[in-house]
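Please examine the sequence and the structure shown below.

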Amino acid sequence: MRQNRTISYILLLFIVICIYQFLFTFRSNSVEKTAKSVAEQKIKKTASMDEATHISAINNAKGRYLDSVSGKTALNLGIAKWTYQECKENSLNLGLDLQGGMNVVLQVNMKDLILSMSDYSRDPKFIQALNNAEKAQQTSNTDYITLFQNAYTSNNPNGKLATVFATRKYQDRIKFNTSNNEIIKLIRSESAIAVKNTYNIISSRIDKFGVKQPTVTLDEQRGRINVELAGVDNPQRVRNLLQATANLEFWETYKATELAASLNEANTALASYLEYEKSTTQPGVKKDSTGAITSSSASDFLTGGTDTGKQKSAAKPLADTSQKAKQTAAQKENPLWAKLYPSVDEKNQFVEGPIVGYANALDTAKVMEYLKVPEVIASFPPDIKFLWGSKSTSDKDPIFPLYAIRKTPNSELPPMDGSVVTNARFDVGLSGNEVSMRMNSQGADEWRRLTGANVGNFIAIVLDNYVYSAPKVNQEIAGGTSSISGDFTVEEATDLGNVLETGKLPAKADIVEEDVVGPTLGKEAINSGMLALLVAFILILVYMVAFYNNAGLIANIVLFINLFLIIGVMASLGSTLTLPGIAGIVLTLGMAVDANVIINERIREELRAGKSLKLAIPEGYKNSMSAILDGNITTLITAFILLAVGLGPIKGFATTLIIGILCSMFTAVLVAREFMEMRLAKGADLKFETPMFKNFLVGTNYDFLGKRKWAYIFSCCTIVFGLISFFTKGFEMGVDFKGGRDYKVRFEKNINTTALKSDLDATFGGGTVVKTYGQDNQIKASTSYRVAEQGGTVDLDAETKLYEGCKKYLNGASFETFKSKNLMSSTKVAPTISAAIKSTSILAAVLALAAMFIYILIRFKKWQYSMGAIAATAHDTLFVLAIFSIFSNILPFSLEIDQAFIAAILTVIGYSINDTVIVFDRLREYLAEDPKSRIAGVCNKAINSTLTRTFNTALTTIFVVIVLFIFGGEAIRGFSFALILGIAIGTYSSVFIATPVMVDLMKDKEPEQIAANTKTTPNRKK
């Protein structure tokens, strides 16, 4: 009784802690519900307000309300009080896939860091090594620094890196005779510091961003920074904030009027170049009507006009564009102006400012490609470079200005940089919202000199290679103050001040992985996940009572406590509940039944042997303990491997699985037993069977081993067909493994995916994959468009092209409405991280198999047991892979190979081992009882005696996974299907593969030798 009281006290303590923790979640949710209601009442949609603006206004109003109550008491227990902010910090966090938001993985750009360490050396061998390393990184999991070292050694075997890195900054650490290995060691040291500094700076920026409960974590081993922001409705703003290196520069500029002749010459040179390229059968330039100038040759209007002192927001086509033939001819004659609107006035003369033209976001990459043609470069002064403006000049279409920058002679460095800025903040000036800056004494002197030398000219204020402002200098400016203006919104000016204030990043931070989930999809995900959880729970409750009578009712009570503890522990630990996490809970419910089934079946065996109920219960628990421990430990091993190598939601799945397994062991082994003994102590009857299932699979004597050859043939044929499919058809690879962009879009009406693919191919340049996603009015579009590129407008460019391709199906919706209403989610995975995901996934599978081999070897003392178990798990993995390859693009749902699939495979490995260990454990027991028994007969006896457990566990687990498949939503349908296959084939392999393989490897041994190596203390029956 003392032990019973101890368990009761522990359980009561856990329940109290969980209830206490749930209070924070309930109160914070209540406050947020009130905030939403207040916001919706305050912000009414008007006729002039589109859906996107309305949603954004409601979110902003909700945020202001929560800010106003963040310091007010939200929970009062008498002895203690907590504010809303404190309640929110202690509540159960929902993953971004359940509430909407943005998850970003950043990686410091090592090429940029190494370049800055070399003071931007122009050494050709050095530059070539950097470029070769960058190219190799796209398909390699080797770190960039090692790739750079190998590339430099290959290109320049006798080269000395000391000559490249012996800059003023490192003059005390690098001498002429410093070895290359020492230089590489220094680079690694600097890179580690850069990653930590980047993490600290980004954390500071996010703290000022205004998002509730942002999460910023550093993975030092991989050198990656993970940022999670819930409820974000402007992903582009987040990208700009995170990727800004805060590399502030001040540049002198050219006036467009000074470059009239050069621009005219460049246009003519480009036309000749493209004509030559076409005549030599090389790919030409795709022609379209965007911004075409169709009359007059460039020489007719590109003259140095009068100074107007104005910069136009966008130039209009200068002649009639209605005649298609004339338009095509003009494009051929003036290819540069077909993509770049010249910055001219009404008289077709260039305006005075530094803007030479305007281009649509879709054409900016092509314009820069044209300007890098050697014949075009020769048309301009040697000290010129071109930079895009940071902001579109049009509210309707993304139109960006192109600035002409005057470089410092014989240098790539600006005349002045942001290192002299000591303070930056949002302000409201005469021209509107701006960022005011204050400089130190050195900066004040440099600013006075620079402005004094450029009176009457323009100075470009550049941040991260984008021009934010280019004011005209009217007089010399003293005092060390300046400002950046540019038609900013309050948010834009605040973010810019935030970026400058928190400091310059040591190197660029590239977004290598990104997930954006809209609030609508998040709400649907949590609804489908909770429905799956509820249906699965009810199914298990009904089945357990139907099979085990009131003992099943106790198992159900314990199952409910188990579910309560899982969620309570997650809340207490500050874990995040994701959609894969809900899948983990559902799967845990199915696996939690396994321990109860093992125990109940053992108790039934003891009762059939004639023991009283009072003796049968402790004996059943005692004899089932080793099987329960082995089964749960093997699953825990795979869960910890997932936790170590997984990213994002997969870590959430692994965390939930680990917590679930530990809670299941506690409730099934300790709590359920206490409930049974309490019932016996009260004299109440306790039954473990119902008339319907009393003798179900009892006393079976099937010759499973005798059928193993047929099983071998079936399995080998399936795997061979799968291998043929592997090498001919391949797999439907997700962006996790191939890199690329995924967009999930919802339309008002059903969509013809073939027609939509054609439209998207036209905007993305081909290679688009379009599939129905769950419903006929939802699609998933995949593309590799500019996925390896980084920059402030790259992702916006991709979204713009997506919108252009979908435009005719949107009933006139604007770009902003499309992003807020139709675009449910987007995912981006850069090639660098996709290679890493692929290699770590393979590593995870190998580690799981190796861990299983070692654990089985330790537990059963014979390598044949390990080989049988590994053969079964390898068989299960190959079987599932074969089905996914053979039926990809055939079944009406996605069979992508992605991180979720790897999580499913590792879970299947743990489940398969669990099943196998149950049989092995019973086999070991029988061999210990009768060492002279023939191995084949003993194996058949072990399989038959555990058949009820195998059936019940497989059935209940498949029940819940089928529920996941049906109700869990499209996002985890492929994951659920892999689990259904894995559980079914894992049950089959534990009977027809694992044990038979082990027997075949032992067939030359005498029974006594086998028993001696597996001997345990004999038990009459487990």
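The account below treats a sheet, the cysteines and the aromatic rings in turn.

This is a predicted model, in which local features need pLDDT of at least 70 and side-chain atom pairs count only at pLDDT 80 or more, while totals for chains, interfaces and linings use all residues. Residues are numbered from 1 along each chain as its sequence is written, and side-chain values use heavy atoms, with hydrogens and water left out.

An open sheet is formed by 3 strands in the order S13-S14-S17, with antiparallel pairing. Helices (H or I, at least four residues) and strands (E, at least two) are DSSP runs, numbered from the N terminus, and two strands pair if DSSP finds at least two bridges between them. Strand S14 (residues 432-439) pairs with S17 in the antiparallel sense over 5 bridges; Val435 stands opposite Ile484 in S17. Helix H17 (residues 441-452) lies across S14 and S17 and runs at about 115° to S14. Axes for such angles are lines fitted to C-alpha atoms, for helices over the stretch in contact (heavy atoms within 4.5 Å), and the angles run from 0 to 180 degrees between N-to-C directions.

A search of the whole structure for disulfides, defined as pairs of cysteine sulfur atoms within 2.5 Å, finds 0. For Cys717, the nearest cysteine sulfur is that of Cys716, 7.1 Å away. Cys717 is partly exposed at 39% relative accessible area, whereas Cys806 is buried at 0%. Here buried means under 20% relative accessible area, exposed over 50%, and partly exposed in between (1.4 Å probe, protein chains only).

The structure holds 33 aromatic pairs. The rings of Phe14 and Phe666 have centres 5.6 Å apart and planes at 65°, so this pair is edge-to-face. It joins distant parts of the chain, with Phe14 in helix H1 (residues 2-42) and Phe666 in helix H22 (residues 649-681), 652 residues apart. Phe14 is partly exposed at 37% relative accessible area, while Phe666 is buried at 15%. Rings of Phe, Tyr and Trp (its six-membered ring) pair if their centres lie within 6.5 Å; planes under 30 degrees apart count as stacked, over 60 as edge-to-face and the rest as tilted. Ring pairs also link Tyr702, Phe704, Phe714, Phe879, Tyr988 and Phe992 into a cluster.
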